[in-house]
Each structure stands twice: as C-alpha cells, then as structure tokens.
Amino acid sequence: MSTIATIHFQQHADVNGVLCVYESGRQVPFEIRRVFTVSARKGDIRGDHAHKQCQQLLICVSGKIRVSCDDGSVVTEYNLDNLGAGLLVPPGIWAKEEYLTEAAVLMVLCDRNYEFDDYIRDYEEFKCFLGDKEL
C-alpha cells in the first residue's frame, strides 16, 4: 500500500509570475488520466470520502486548504497553500478538505478516470473496506 506523501514541484518565477510544471512520470508519480478543480467558500468542507483504487495528487492553486487524511486509525492534517507542493493521497485514505480562505482553489490530478463505484462516501463502509483489505 502506498503512503501519503508531500511532493515538491520546481517553481519558475520571474517578474511576470510563477510557472509550475506537473508531468506524468516526472513530477507526478503516475500517468495523469483526469484533472479537475474545486473551489469553495471559506469554511466549506469538500471531499469527505475515500477511493478504492484511485490515487490523487492534490495541489492548492489559490488560497489555503487544510487536508485531513484518515487511514482508519490515524488522522493527519496537511496545509496546502502554494503551487509548488502537492499531497499524494493513495487509495484507501479518507480525505477531507477544509477551505481556509476565500477564493481557494484545489486542483486534483488522478491516475484513473471517474468511476462512480470507486468512491466510498460512508465512513462505516470505509472502515469495512479497510478490514476487508487486511484479510
């Protein structure tokens, strides 16, 4: 099983701004199959689910977002607040994002296309899923 990891991206800054690159097999440790963004109001909670197979890389492209990652026994929190760092979340982790600032935007890179059945949206089902994996 993979572990949660922070990945740092090289930032190219000049007087006009900052450029970050996210390439499959280079900075991103998987083939990117899907990309989406999520914006929310300050104080909103998003995510609040796990995936059975999908691996995700979370990058805050604007504002500040706190990500809580629960492996079924330990909850770890991470603050995302710049283009140059992402949080690699493997399958089997319950992730919840709290938007800490107005205009915060999360970009998510996935190693799988959208699959409705890959989502675990009920925490008790998540605990059962973890128990099944250990058998």
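The questions and answers below concern aromatic pairs and one serine in a predicted model.

Residues are numbered from 1 along each chain as its sequence is written. In this predicted model, local features need pLDDT of at least 70, side-chain atom pairs count only at pLDDT 80 or more, totals for chains, interfaces and linings use all residues, and side-chain values use heavy atoms, without hydrogens and water.

User: How many aromatic pairs does a search of the whole structure find?
Analyst: Rings of Phe, Tyr and Trp (its six-membered ring) pair if their centres lie within 6.5 Å; planes under 30 degrees apart count as stacked, over 60 as edge-to-face and the rest as tilted. With that rule, the number of aromatic pairs found in the whole structure is five.

User: What is the angle between the planes of F9 and Y22?
Analyst: F9 and Y22 form an aromatic pair, with 4.7 Å centre to centre. The pair is edge-to-face, and the angle between the planes is 80 degrees.

User: Is Y119 buried or exposed?
Analyst: Buried means under 20% relative accessible area, exposed over 50%, and partly exposed in between (1.4 Å probe, protein chains only). The relative accessible area of Y119 is 12%, so Y119 is buried.

User: With which side chain does the side chain of S68 make a polar contact?
Analyst: A polar contact is a pair of N or O atoms within 3.5 Å; within protein, one must be able to donate a hydrogen and the other to accept it, and residues adjacent in sequence count only if both atoms are side-chain atoms. S68 counts as buried at 12% relative accessibility. At 3.5 Å, the polar contact of its side chain is with the side chain of E77.
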